[in-house]
Amino acid sequence: MTIGWLLISGSGFCQSFAFKTYTVEDGLAQSQVRAISQDARGYLWIGTNGGGLSRFDGQRFKNYTTADGLAGNRVWTILEDQKGYLWIGTLDGGVSRYDGSEFRNYSTANGLTSNRVWALLEGPEGRIWVGTYGGGVNILDRDSLIGLNSRNGLNNDRILSLAKDDEGRVWIGQELGGICYYFEEQLNCNSIADLQGSSIESIIQDLERKLWFGLWSKGAFHFDGQTFEDYLSTLGITDKTVWEVFEDSRSDIWVGTEGEGLFRTDPHKKQLLQWFHTRNGLPSNTVYTIFEDRENNLWFGTDKGGITRYRDESIINFTSLDRATAPVVNAFLQHHDGILMGTFGEGLKVYRKDSLESLKLAPGFEGKNILSLYKDRSQRVWIGTVHHGAYQWSNKGLVNFRYQRARRNGITNNIIYSILQDHDGNMWFGTDWGISLWQDDRFTGFFTADSGNFDVRIKAYAIMEDSHRNLWFGTDKGVKIYRQGIWQDLRVVEPLMNYRINAIEEDSMGNIWIGSFGEGLFRLTIDPARRDTAVLQVTVKDGLSSNAIVSVLAGENHDIWIGTVKGINRLNAQTFSKEKIIRIYNDHDGFAGIECNLNASMIDGQGKVWFGTTNGASRFDPALVRQITAEPSTHISGIRLFYEEVDWSEFTDSLDPVTRLPQTLALTWRQNHLTFDFIGISLTRPEAVKYQFQLLGLDQDWQPETQAHAATYANLQPGSYTFRLKSYSNGTWNKLPAEFSFTIRPPLWQEWWFASLAILVAAALIAGGMFGIIQQVRRKEAKKTAFHRKMASLEMLALRARMNPHFIFNALNSIQKFMTVNDKESANEYLTKFANLIRLVFDTSAKPTITLAEELTSLELYLSLELLRFEDKFSYTLSLKPEIDPLEIQIPPLLLQPYVENAILHGIVPLEKKGSITIDINLDNNMLICSIKDNGIGRQAASNRSGHKQHHRSGAMDVTRERLELLNTQHQSDLSVRVTDLYNDKQAPAGTKVELFIPMAEVTR
């Protein structure tokens, strides 16, 4: 076999293609890759020979093994069926079906004839075909297995490959058994006799309906139904083990081999287009599997080299097999003999006809370290070196120009950064010590310590002559302009006076592009008529990969190429002001070295762009770039609550089977802090994916572009929301955004029905109670004597004292407070007790007597409301002697609460510590004694406190006292009340004790 590839003469240089390789260091489960597939959501799935299964989104790997439920860790085949299930064939555990959340396994325990699965296929009727090594073919049909094996027609049971043609035949490749096909329930193993006894590792049908076969140790063959041909032999490649034959979207045929690398061929011309191997970038010479994704990237699964991505032939790298010893390329020049490259350490190279060789110049050439190359109008080549000055090379020989202390009219320094010939034929040299002009066979120095120009030493990195014949110099002290014999500093942008300027270029529209080392790119748009200059600065904020720019080129179609220390940038000078689009090329695109060198760039006669880097050289051919039309696959991958991962099955009964996100989600008003995680899958340029998101119901418009992978929304108010997400990659935004809708419910008391009901209940209770009392009073006034009218009046006063407007107002205020702070539980509790108290008060107020149980129930409701209102300012105890039956004892209503209220408001509330109230109901000598004792400030201190509220509260006790007197008069009873001031051991006030004495004859009446 003879394959033409790059020959290197006396150099570590080699030519390599733009592969992007991922290994275990990047997160891949294992480096031996046997299967690659892409699912409907855009994820790439990789089967490894021992590490299990890897899922790749372009940026991160997620790995699955038997610990996650996978049938086995040696994954040799992957298939996604029409229903969206992922089928994984393993060599040590059978088959797994993955639904996005869990694995369901099929093995010999379920009837599979062997756990060694080499091939999977979805058949014509949607049935899954499982090719096993040793167990023949198993056809999975609704969980039942149908077998094809050597007992019913196969040549043997060791199945290596399966494929389906467009007529519905299923082709079965066997080890040392040739090929069979299954069609209309019939098995045929005699259709291609030339393959009998061969091991068929791969089968495909191309777009022209031709069958292709990859064989163990015999190469690749194709069959058009009549003619069988040894394809690789026609290309001069024979007797190779072929693991995979693959047709790409351009109808090229790819052949992956065992130990011989990868071949890309044109089947129509029967031409070998490329041979890829470890010497030109392929990570391994054994390629097991080949796959093309939706963006037309080709992926190769290799032996011990992981997976590698290949985009197109637009990028070629000239580097070293060992990057540690890769030569540094500093300069390019198109010459009649080829492309000249100036290197650091290896002198001058020449690239011609796919070979790269060292160029030997005349004896005496010492320029091993070259910084610049230039060809003048006389076709002489000028070579700028480090420490050896400038060389002039022509067919007349080699001339060296060096700085010498004895020669005051020589070149100013022996480090030559840049060279240019102006329109008058003068040669300009930018050096490490000023600028030198070679004119009339002599040198003139500028900007040196002794030149007299500006009296300052500069380093001149770049020289450019514009269309108006002005000379521009980029130096370590800004931009110098030589216009009509006069030197000027560029003062358009004041900071440019001090920046280091590495590159200057004029585009076809007359704009001047200036590359600085640290401050980005500047575009000067000059209007001579107005004598005006507009300045645009472009930095990393605008999309540059770095602000440290080392080269600028104006190319075809208004392209501006910018070399930086972090990759290559490309923008369109005509549309940039409007679109602000910068395309970045780096190692993700296959560039071997992303750190470009000073002015080491060139556009050759074919429009190819060359860049010198710290790792050799790279050539970019824009004409060979494959355009991407597929938009990124955009997914909301997760939702977190208060930054925490959540099992959403606890919130809903309906989960998406793949994402495990709720299909309907309603959260409480407290669950109002959500983080949305997302991914836009672009396998071509994953690092450049940008996102925009919007929360309908909150955001008026899309949020600004970002490269973050999460969005957080905090303190969301109750309402309905939809999170929308779109991503951008390769010049394309999603047409339809990904969406997730959810609801945050309001608290109970903010529900319209709750508020309406509460108002109606309160209004009804108040209105009904007041109406009943008024009617009662009217009836008594009409029927009874003045005595009864006075009694009714006192009862009305007692009721008003018990349910006075201040108490109602304070109670409603407390409810409102709890609602304001979203304390739903307290608001509900307070409102319920308040309603019960109102109802009980109005029920009992119309009766002459009530049971002691009713009075105590009303009293406890009142105390619990005051306890909530004053936030545990006091505690209380209520005790009843066992011999007292509260249901049998009747007492006048509205007796106890006024004294308890007085104790709270005038005794406990002013107290600086927590108070206590003790209520005891005793029976002594046929006398019911109700005792109310507090540990408040005492009556004397309370009387000294100012305010009308004190007076109002004391009135309730006066009304009660008058009622007791009237009852005594009416019933000739002996009801009485006694108030006692309490003191501590130091005779300081320690509270008040109120005792009501009610004869049993009265209470049982």
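Q: How many disulfides does this predicted model contain by the rule applied to it?
A: The count comes to one disulfide, in a model that is predicted.

Q: What makes Cys 180 and Cys 189 a disulfide?
A: Their sulfur atoms lie 2.0 Å apart, and a pair of cysteine sulfur atoms has to be within 2.5 Å, so Cys 180 and Cys 189 form a disulfide.

Q: Why is the disulfide of Cys 180 and Cys 189 called right-handed?
A: The torsion about its S-S bond is about 110°, and therefore the disulfide is right-handed.

Q: Why does Cys 596 count as buried?
A: Its relative accessibility is 3%, whereas the cut-off for buried is under 20% relative accessible area, so Cys 596 counts as buried.

Q: Why is Cys 930 called buried?
A: Cys 930 has a relative accessible area of 2%, and buried means under 20%, so Cys 930 is buried as well.

Q: What makes strand S57, residues 609–613, mostly covered?
A: Five of its five residues are buried, with Val 609, Phe 611 and Thr 613 on one side and Trp 610 and Gly 612 on the other.

Q: How do you know that S56 and S57 pair, and in which sense do they run?
A: Four bridges join S56 (residues 596–603) to S57, and pairing needs at least two bridges, so the two strands pair; they run antiparallel, and Ile 603 stands opposite Val 609.

Q: What makes S57 and S58 a pair of strands?
A: Five bridges link S57 to S58 (residues 616–620) in the antiparallel sense, where at least two are needed, and Arg 619 in S58 is the bridge partner of Trp 610.

Conventions:
Residues are numbered from 1 along each chain as its sequence is written. This is a predicted model: local features need pLDDT of at least 70, side-chain atom pairs count only at pLDDT 80 or more; totals for chains, interfaces and linings use all residues. Side-chain values use heavy atoms; hydrogens and water are left out. Buried means under 20% relative accessible area, exposed over 50%, partly exposed in between (1.4 Å probe, protein chains only).
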